[in-house]
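Subject: Structure handover

Hello,

Here is the structure for you to look over. My notes come after it.

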Amino acid sequence: MTAAASAAASPGLTARERTALVAVAVQFFVNGSTFSSFIPRLPEVRDATGITLDRLGLLSSIAAVAGFLGNASVTSVIERLGSRRTIVVCGTVLCAALPLIGFAETQWMLLAGLVVMMSVDVMVDVAMNLQASWLSARRRTPVMNRMHGLWSLGSLCGAAMGVGLTRAGVGLDVHLAVAACVLL
């Protein structure tokens, strides 16, 4: 039985809560897959944008700072939208930003994609962890370890897909555009 199916079969949860638990489990998997889908292709990203390795590190660091600054607005975003809508809206933006990286031809395009991803990822992370925590509290057994296991599995799958598509000669732009559609 999969972790999502096992989580959904939990006694004591209503049908709606079981559905929510599966949805959150899927979001953990998708979230893990999103970033890892382009990481194996960073050398191609670097070459496509014509930047050096140190510049790639700098742009990644700037994007990480944007994600850190996004922490300041997480509470207000979740209070305004609710955790479910935050996952849907920010998760959509997160996946939709993947092609920005795939089609990036300049460092500024790459930076824009990375900043968008890092800024909304923090919103998704907090919202999906809140959802999972609330649902876990309604069960007799915790689910957070399974949820984070699904995130790790998603990371492995996204990275494996990136490696496989690179070996198959699939272009970075096509790969990330299709990945964005599938993950959405």
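Predicted model: local features only at pLDDT ≥ 70, side-chain atom pairs only at ≥ 80, totals over all residues.

Residues are numbered from 1 along each chain as its sequence is written, and side-chain values use heavy atoms, with hydrogens and water left out.

**Helix H4**

H4 covers residues 53–81 and has a kink of about 50°, centred on Ser-73. The bend at a residue is the angle between axes fitted to the seven residues ending there and the seven starting there. Helices are DSSP runs (H or I, at least four residues), numbered from the N terminus. The buried residues of H4 are Leu-56, Leu-59, Ala-63, Ala-66, Gly-67, Gly-70, Val-74 and Ile-78. Buried means under 20% relative accessible area, exposed over 50%, and partly exposed in between (1.4 Å probe, protein chains only). These buried residues pack against H3 (42–49), H5 (83–96) and H7 (107–137). Contact means heavy atoms within 4.5 Å. Just after H4, Gly-82 takes a positive phi of about 90°.

**Pockets**

The search ran on a 1 Å grid over the protein atoms alone; a pocket is an open set of points where a 1.4 Å probe fits, with protein on both sides within 12 Å along at least five of seven lines. Lining residues have an atom within 4 Å of a point. Grid points are joined across faces, edges and corners, and a volume is the space filled by probe spheres set on the points.

The largest pocket holds about 510 Å³ of space. It is lined by 19 residues, and the closest to its centre are Ala-23, Val-24, Arg-84, Ile-87 and Val-88. H2 (15–36), H5 and H7 each give two or more residues to this lining. H2 gives the most, with nine. The lining divides into 11 nonpolar, five polar and three charged residues. Here Ala, Val, Leu, Ile, Met, Phe, Trp, Tyr, Cys and Pro count as nonpolar, Asp, Glu, Lys and Arg as charged, and the others, Gly among them, as polar.

The second largest pocket holds about 170 Å³. Its lining includes Phe-29, Cys-157, Met-161 and His-175. H2, H8 (144–167) and H9 (172–183) each give two or more residues to it. H9 gives the most, with five. This lining has eight nonpolar residues, four polar and no charged.

Cys-90 counts as buried because its relative accessibility is 8%. Cys-181 is in no disulfide either; the nearest cysteine sulfur, in Cys-95, is 9.8 Å away. Cys-181 counts as exposed, at 59% relative accessibility.

**Two single residues**

Ser-136 is in H7. It is buried, with a relative accessible area of 12%. Leaving aside neighbours within four places in sequence, Ser-136 is in contact with Thr-141, Pro-142, Val-143 and Met-144.

Val-163 sits in H8. It counts as partly exposed, at 35% relative accessibility. Val-163 and Arg-16 are 147 residues apart in sequence and 37 Å apart in space, C-alpha to C-alpha.

Best wishes

Methods:
Disulfide = S-S within 2.5 Å.
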